[in-house]
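Reader: I'm new to this one and would like to learn how to read it. Could you walk me through it, feature by feature?

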Amino acid sequence: QVQLVESGGGLVQPGGSLRLSCAASGFTFSSYWMNWVRQAPGKGLEWVSAINSGGGSTYYADSVKGRFTISRDNAKNTLYLQMNSLKPEDTAVYYCAKGSPWDGMDYWGKGTLVTVSS
């Protein structure tokens, strides 16, 4: 069965960095688009970033462009999100999700909490 397990969240000060990971199993990882989606406390889901199957094309929400970098290692079946210059408004549960953001994301992980606070 498809499994997506996020890790790497935690408490970080404003301006700091974190790298999130998402370990994938149960499907051919290298064949699918992958995404990061977040949900801030009391708010709805916000798509953050997407990467195509080969890793050559990446897309970002305006709110994170220039600060976050999505990448993948298809040999390790792992998706990453490097987050730099973090702001308090980046505080959220971050989910990885399988599938194209335009065609629909069909599997989601359970999320990892990122808290940006001094």
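Reader: Let's start with a contact list. Leaving aside its neighbours within four places in sequence, which residues is serine 85 in contact with?

Author: First, the ground rules. This is a predicted model, where local features need pLDDT of at least 70 and side-chain atom pairs count only at pLDDT 80 or more, while totals for chains, interfaces and linings use all residues. Residues are numbered from 1 along each chain as its sequence is written, and side-chain values use heavy atoms, with hydrogens and water left out. Contact means heavy atoms within 4.5 Å. By that rule, serine 85 is in contact with Gly15, Gly16, Ser17, Arg67 and Asp90, leaving aside its neighbours within four places in sequence.

Reader: Where is serine 85 found?

Author: Helices (H or I, at least four residues) and strands (E, at least two) are DSSP runs, numbered from the N terminus. Serine 85 sits in the loop between β8 (78–83) and β9 (92–98). Asparagine 74 is 11 residues from serine 85 in sequence, yet their C-alpha atoms are 27 Å apart in space.

Reader: And does serine 85 count as buried, exposed or partly exposed?

Author: Buried means under 20% relative accessible area, exposed means over 50%, and partly exposed is in between (1.4 Å probe, protein chains only). Serine 85 counts as partly exposed because its relative accessibility is 41%.

Reader: Asp90 was in that contact list. Which salt bridge does aspartate 90 form with an arginine?

Author: The general idea is that side chains of opposite charge can pair when their charged atoms come close. The cut-off: a side-chain nitrogen of Lys or Arg within 4 Å of a carboxyl oxygen of Asp or Glu. Aspartate 90 forms a salt bridge with arginine 38, with the closest N and O atoms 2.9 Å apart. That pair links distant parts of the chain, with aspartate 90 in the loop between β8 and β9 and arginine 38 in strand β4 (residues 34–39), 52 residues apart. Arginine 67 also forms a salt bridge with aspartate 90, and here the closest N and O atoms are 2.7 Å apart. Arginine 67 is in the loop between β6 (58–60) and β7 (68–73), 23 residues from aspartate 90.

Reader: Which residues make up the network of salt bridges?

Author: Arg38, Glu46, Arg67 and Asp90 are linked in it. The link to glutamate 46 comes from arginine 38, whose side chain meets it in a salt bridge (2.7 Å, N to O). A search of the whole structure finds 5 salt bridges.

Reader: How do I read strand pairing? How many bridges join β1 to β3?

Author: Two strands pair if DSSP finds at least two bridges between them. Strand β1 (residues 3–7) and strand β3 (residues 18–25) run antiparallel and are joined by 5 bridges. In that pairing, serine 7 stands opposite serine 21 in β3. β3 is also joined to β8, again antiparallel, by 6 bridges, and there arginine 19 stands opposite glutamine 82 in β8.

Reader: What about the nonpolar core? Which residues touch the most other members?

Author: A nonpolar core is a set of buried Ala, Val, Leu, Ile, Met, Phe, Trp, Tyr and Cys residues joined through side-chain atoms within 4.5 Å. The largest one has 26 residues, and Trp36, Phe68, Leu79, Leu81, Met83 and Tyr94 touch the most other members. β3 gives the most to this core, with 4 residues. As for leucine 79, its contacts include Leu20, Phe29, Trp36, Ile70 and Cys96.

Reader: Which cysteines form a disulfide?

Author: A disulfide is a pair of cysteine sulfur atoms within 2.5 Å. Cysteine 22 and cysteine 96 form one, with their sulfur atoms 2.0 Å apart. The pair links distant parts of the chain, cysteine 22 in strand β3 and cysteine 96 in strand β9, 74 residues apart. The torsion about the S-S bond is about 45 degrees, so the disulfide is right-handed. Cysteine 22 is buried at 0% relative accessibility, and cysteine 96 is buried with a relative accessible area of 0%.
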